[in-house]
Amino acid sequence: MTTGKNLVDQTRDGEILILTIQNPPVNAFSVGVPEGLHAGLDVAESDAEVRAVVIIGGGRTFVAGADIRTFDLPREQSPDLRGVVNRLDGFSKPVVAAIHGTALGGGLELALACTYRVAVPGAQLGLPEVKLGVLPGAGGTQRLPRVVGAQKALEMMLSGNPVKAEEAGTLGLIDELVDGDLLTGAVAFARAHTDTTPLPRVSEKTAEGGSPELFAAARDGIKKTHKGQYSPGLIVDLAEMATRKPFAEGYAEEGRLFMQAKDSPQSRGLRHIFFAEREAGKIAGLDKNTPQTEIRAAGIIGAGTMGGGIAMNFLNVGIPVTIVETTQEALDRGLGVVRKNYENTAKKGRMSMDDVEKRMGMLTPTLNMQDLSGADIIIEAVFENMDVKKEIFTRLDAIAKPGAILASNTSTLDVNEIASVTKRPESVIGLHFFSPANVMRLLEIVRADKTSDSVLATGMALAKRIKKVGVVVGVCDGFVGNRMVHHYGDEARKLAEEGAKPQDVDAAMHSLGLPMGPFEMSDMAGLDVGHLIRQHQAKVAGQPKPDGWLDRIVEAGRKGQKTQAGIYNYPDGRRPVPAESTDELLSTYRQEKGLTPREVSQDEATRRLTYSLVNEGAQILDEGIAQRSSDIDVIYVYGYGFPAYRGGPMKYADEQGLGSVMADLEKYGQTPAPLLKKLAEEGRTFADWDKEKARG
Ligand code: T1G
């Protein structure tokens, strides 16, 4: 297929032809790149004066892989990476891949088909395809084992994590580490090899170290590390073929399996999340160049579980933190937890004790809120009570310096109301971290009515800086994640009242790939939290005290994991064991309420629970509390354990078809949200809605 598009520049350095790929921002292997490379190789073949070729990436990186946006294009319109790789394999003249930034996926496969590879220190080389639900499809599964051995190749392809150039050098993945200018180094290397014969070909090498035990262990391992996923098993099969079969046979099989994996719902789900995560960072109407506050020092109010975890995020990126508590005992306890977390990480060899001391050294404890007067951002992380939060923000307003950002880690309360007690509501924002805050990657960034663009832009940039996935949400009860979980919990409660056992309800979500079901999650969060919220809501609404079966469990002193008993028993602390007392309590409750228990299939439970999330998600979109359905997917994948290979609840619904989602909602007595109803009737998807919204 010739498009006439050519994204490769040709230049010469004497007898060396230099092919520079120009496809910013990451030189993805898009249409125009294969065409340009073929044009360059044509010149190299036909011009006798050309003795060798250097392939290099323009801008900040080598090739970061195939263009993921082209995966769903018909084959004849897709950029033909394998075609270029086939031509490079055994090319008549030496071809040197000059690597800086990243050589990932198809980018590393391109380099592996070249005669030689050179790189600058710090460059990253890897095959991350498994993270997209596919497998290396341009020779990677056959060439990488032939260079680094079966074990290392499996490790790289199953983790999807890159290795640095320095390590690549020790592995033989690159032939030379170039100090100084990459192009100069690559041209010199090429020039030094113009007379080399025969030219080395990776495809002719033997893949060492492929014992049956290795592949058996890998197959076992992925059952845990990649539970429910399709492509990792294919990667193990192909790596095994690389150690057993001729290159051509393994390569052909790789091509076939790649197409299968690419067309799988799992790959669509993972690719959706890849782009959704990047899209979430963009806020409609917010100028990219909006001025931001420079965050050099942070303040945190509350050294409890959340406060301590939040502090670690700042310390981890070198931002000093002043942390406030009301009593010395609470302060010491909070700092003790932070130090213990770091020491545990050091024990696992993932951090040095020096680093532990360095980070603890940047953490200043105090009982005096006045000590926050120098902070650029102050995050309040005290327990969920509006009066307490208002009192704190009133004091903060007097203490914090002009321009400081005042943030609340509230997970449900009205940020507008919190902001209203300050004279600078434009400086107030919600930063909703998820527990454990030093681990969970999600950060719901709550944009209040008066939050300024600058404060919002600073919040988004800060999320990236502390390695969180920031998603902007509007103000409402529970924002996006918790608001949806509320309906999910309601549906779970109903399923149990209708006859399902709590463990079967949870198993329904395990079957979808979630590590925890709704009842396990409630027990972990603490049943008393939901109980207090229900009591508060009943009081506000002037209704009688709630007397649901969950309330009765709490009133029996069973608050969940923290009391080793809730819906489940926890004989060894964390593993839930079905509790007879819960079954008895439920059957008493049903009798009292005149409910006749019935068989509830796992399929019904899975649909009702998942679609309760989707339905509320649609309502949230309609109200503008979330910008796009893909943001909701990012929230559920990074905050609630929804499997990325399902793409998140909204993507999952699109895959099922909104027509059938709506039919199931109605069948099970849930009222479809107007937006979902509209899209279903028009045969459209949430993805269509996002595109339309983005077009404005
Ligand atoms: N295809 C299309 N677009 C891509 C892309 C890709 N491979 N990689 C990045 N982008 C876009 C991204 O969406 C964003 O767009 C912009 O580039 C900057 O990215 C046969 C089939 C390279 C480490 O999995 O991991 O090869 O939002 O914000 O943080 O075996 O991008 O600006 O519009 O992420 O500096 C294998 C994917 C593909 C690597 C840079 N390769 N990329 O991170 O920037 S499968 C990958 C990354 C494959 C073959 C198979 C990262 C990065 P926008 P960014 P960054």
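Q: How many cavities of 30 Å³ or more does the structure hold?
A: This is a predicted model, where local features need pLDDT of at least 70 and side-chain atom pairs pLDDT 80 or more, while totals for chains, interfaces and linings use all residues. Residues are numbered from 1 along each chain as its sequence is written, and side-chain values use heavy atoms, without hydrogens and water. Counting cavities (on a 1 Å grid, points where a 1.4 Å probe fits but cannot get out), the number of 30 Å³ or more is one.

Q: What volume does the largest cavity have?
A: Val485, Tyr488, Leu514, Met521, Leu613, Tyr636, Tyr640 and Phe642 line the largest cavity, each with an atom within 4 Å of a grid point. By class, this lining has eight nonpolar, no polar and no charged residues. The space they line has a volume of about 50 Å³.

Q: Which residues lie nearest the centre of the second largest pocket?
A: A pocket is an open set of points with protein on both sides within 12 Å along at least five of seven lines. The second largest pocket has a volume of about 840 Å³. Of the 27 residues that line this pocket, those nearest its centre are His272, Phe275, Ala687, Asp690 and Lys691.

Q: Which elements give two or more residues to the lining of the second largest pocket?
A: Helices are DSSP runs of H or I, at least four residues in length. By class, the pocket's lining has nine nonpolar, five polar and 13 charged residues. The elements that give two or more residues to it are helix 11, helix 25 (629-639), helix 26 (649-656) and helix 29 (686-695).

Q: How much of the ligand's accessible area does the protein cover?
A: Let's start with individual atoms: a backbone N or O atom of Ala64 lies 2.9 Å from a ligand nitrogen, and a polar backbone atom of Ala66 is 2.8 Å from a ligand oxygen. From Arg278, a polar side-chain atom lies 2.6 Å from an oxygen atom of the ligand. Of the 1000 Å² of accessible area (Shrake-Rupley, 1.4 Å probe) that the ligand has on its own, the protein covers 76%.

Q: Which helix gives the most to the shell around the ligand?
A: There are 26 residues around the ligand (a heavy atom within 4 Å), and Gly106, Glu109, Glu129, Arg278 and Lys282 come nearest. By class, this shell has 15 nonpolar, four polar and seven charged residues. With three residues, the element that gives the most is helix 11.

Conventions:
Polar contact = N/O pair within 3.5 Å; in protein donor to acceptor, adjacent residues only side chain to side chain. Nonpolar A, V, L, I, M, F, W, Y, C, P; charged D, E, K, R; others polar. Points joined across faces, edges and corners; volume = space filled by probe spheres on them.
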